[in-house]
Amino acid sequence: MIQINCQGLALGYDAALVRGLNFSVSAGDYLCILGENGSGKSTLMKTILGLQSPLEGRVSWGEGVKAQEIGYLPQQTQAQRDFPATVWEVTLSGCQGKCGLRPFYNKTEKEKARLSLRRMDMEHFADRCYRELSGGQQQRVLLARALCAASKILLLDEPVSGLDPAACRDMYEMIDSLNKKDGMTILMISHDMEAALHYASHILYLGEQVFFGTCKEFVRSVPGRRYLKQKGEPYGNDA
Amino acid sequence: MGMMLEKLVAYWAYPFVRYALAVGVLVALCAALLGVTLVLKRFSFIGDGLSHVAFGAMAVASVLNLASDMPLVMGVTVLCAVFLLGAGENSKIKGDAAMAMFSVGALAVGYLVMNLFSVSSNLAGDVCTTLFGATSILTLSKSDVWMCVILSALVVLLYVFFYHKIFAITFDESFASATGTNAKRYNLILAVVTAVVIVMAMNLVGSLLISALVIFPAMSAMRLFHSFKAVTIFSAGLSVFCAAAGIVVSILAGTPVGATIVTVEIITFVLCWGIGLAGRR
């Protein structure tokens, strides 16, 4: 079942970064978006989220999916690092989109936040201060917040940037289990080739030559081979 | 001590003292509530910028000899607030530069206009009053006070009603709008309310010291507390205390009201900082 369908997208601000982008994401897919800095990865994600409108083309949603039903893990901003808020306040704010004009959260939403924290194994941190947590723990809290917003699709913008190797692995395992165990569709921007090929089912590569397909196809494709060679990964040689 | 109390009781008999205290406390409360969000959104200097814009508008209004300068000043300030807070990250001129341009530009034009067309004989005194709010808080009329009470009640109600939304757009605006919160609408409300509070606050501390009312209580509260709710409540309480203490001290010691309030804010900030450091050890 197709959940997100992008047709003839051209992305950018004044000048287009990418043109003629066609791809679709089905339920349960794990899509990694790769590409050099400035190739339009974050812009694509903002366009899918409706934060920015495309220069050309359109993003359409499959049946039963609303634009507001997707969870989003943005890159952390500088302001958040010293923000005075408890883990509970941050997580609960993930439910805000469902509130409409209602000023306070209801029981269902609080329960949802509690379950999301438990799923991320952060329940006992609920009263702790967000800014005093480690980078990996902060990402888990933000992931719990994203889970509050949606249960079908997660968009992750470089979820492991700035984490140490152990926290990195931990984060990847968590995302993988959300994909495999909870059946969530994952769209992830990443620089980490190795992890992308290890975990993802599909790759979208943005660059001079755009590629979209499964991991296996990517390794054999022209942009894939070039990219792997540049990165000096071993996969480039045996493909 | 007894003599000070006597003096205070004697002053309390004058309505203008009671008015000043009421308006001071209310404005401080509103400024502190907004301050938490503005400081965290990296808009600490918006109080400064907007109050200079209000100063410029006030100068123009007084030269035009308008019966009431309030509508013009309020209108211009609200427009600027909407522009500055709403321009966001994608605009060509970055937020802080735009704010600095508005602030300095309005200050200069305001002073120039006053200088060229002033009807008053005491120009330096007029300018000093608008910048430092030297005496205007002691010359409030009953209708000024009621206006201030109504506006403050509105600000507090709006803040409580939109509290969770304000938290969401302060902590992470792009997440909020991606998941269905109308961040633009709430930013607009925030901008309008900020402008209203700043125009109100000009009476109290004047143009130059408004930033202090916005920044200090929030910064003090952040030294001590680590939840958004606690920071908000404490900064509101602290701000009310500082304003009341500052006004009482300025009456007893005959010091300028605005500067005295800010000095009390500075002292409490240092105290909170010290307690915060000691608590961490």
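Predicted model: local features only at pLDDT ≥ 70, side-chain atom pairs only at ≥ 80, totals over all residues.
Which residues in helix 2 of chain B meet residues in helix 12 of chain B?

**Helix pairs of chain B**

From helix 2 of chain B, the contact takes Val17(B), Ala20(B), Leu21(B), Gly24(B), Val25(B), Ala28(B), Leu29(B), Ala31(B), Ala32(B), Leu33(B), Gly35(B) and Val36(B). Their counterparts in helix 12 of chain B are Val231(B), Thr232(B), Ser235(B), Ala236(B), Ser239(B), Val240(B), Cys242(B), Ala243(B), Ala244(B), Ile247(B) and Ile251(B). Sorted by class, this contact of helix 2 with helix 12 of chain B comprises 18 nonpolar, 5 polar and no charged residues.

Helix 2 of chain B spans residues 15-40 and helix 12 of chain B residues 228-253; their axes come within 8 Å and cross at roughly 150°. An angle over 145 degrees counts as roughly antiparallel, and helix 2 and helix 12 of chain B are therefore roughly antiparallel to each other.

A further pair in chain B is formed by helix 11 and helix 13, whose axes lie 8 Å apart at an angle of about 15°. Helix 11 and helix 13 of chain B are therefore roughly parallel to each other. Among the residues that make this contact are Phe216(B) and Met219(B) of helix 11 of chain B, and Phe269(B) and Trp273(B) of helix 13 of chain B. By class, the contact of helix 11 with helix 13 of chain B holds 11 nonpolar, 3 polar and 2 charged residues.

The table gives the handedness of each crossing.

| Helix pair | Crossing |
|---|---|
| Helix 2 of chain B and helix 12 of chain B | right-handed |
| Helix 11 of chain B and helix 13 of chain B | left-handed |

**The six-stranded sheet of chain A**

Chain A contains an open sheet of 6 strands in the order 5-6-7-3-8-9, with mixed pairing. Strand 5 (70-73) and strand 9 (211-214) of chain A each have a single partner strand, so one side of each is left without a neighbour in the sheet. From one strand to the next, the twist averages 15°.

Within this sheet, strand 6 (residues 153-157) and strand 7 (residues 185-189) of chain A run parallel and are joined by 5 bridges. Opposite Ile153(A) stands Thr185(A), in strand 7 of chain A. Helix 6 (residues 135-149) of chain A packs on the sheet and touches strand 5 and strand 6 of chain A. The direction of helix 6 makes about 160° with that of strand 5 of chain A.

**The three-stranded sheet of chain A**

Another open sheet of chain A has 3 strands in the order 2-1-4, with antiparallel pairing. Strand 2 (16-26) and strand 4 (56-61) of chain A stand at its edges, each with a single partner strand. Neighbouring strands of this sheet are turned by 10° against each other on average, direction ignored.

Strand 1 (residues 2-12) of chain A pairs with strand 2 of chain A over 7 bridges. Ile4(A) has Val25(A) as its bridge partner in strand 2 of chain A. Helix 1 of chain A packs on this sheet, touching strand 1, strand 2 and strand 4 of chain A. Helix 1 (residues 41-49) of chain A also lies across strand 3, strand 5, strand 6, strand 7 and strand 8 of chain A.

**Where the chains touch**

The contact between the chains takes 21 residues from chain A and 25 residues from chain B. On the side of chain A, helix 2 (78-81), helix 3 (87-92) and helix 4 (96-99) each supply at least two residues. By class, that side of chain A has 14 nonpolar, 6 polar and 1 charged residues.

How values were computed
Residues numbered from 1 in each chain as written. Chains lettered and ligands numbered in written order. Pairing = 2+ DSSP bridges. Helix = DSSP H or I, 4+ residues; strand = E, 2+ residues; numbered from the N terminus. Axes fitted to C-alpha atoms, helices over the stretch in contact; angles between N-to-C directions. Contact = placed C-beta atoms within 7 Å. Nonpolar A, V, L, I, M, F, W, Y, C, P; charged D, E, K, R; others polar. Parallel < 35°, antiparallel > 145°, perpendicular 65-115°, else oblique. Left-handed = near helix turned anticlockwise from the far one by under 90°.
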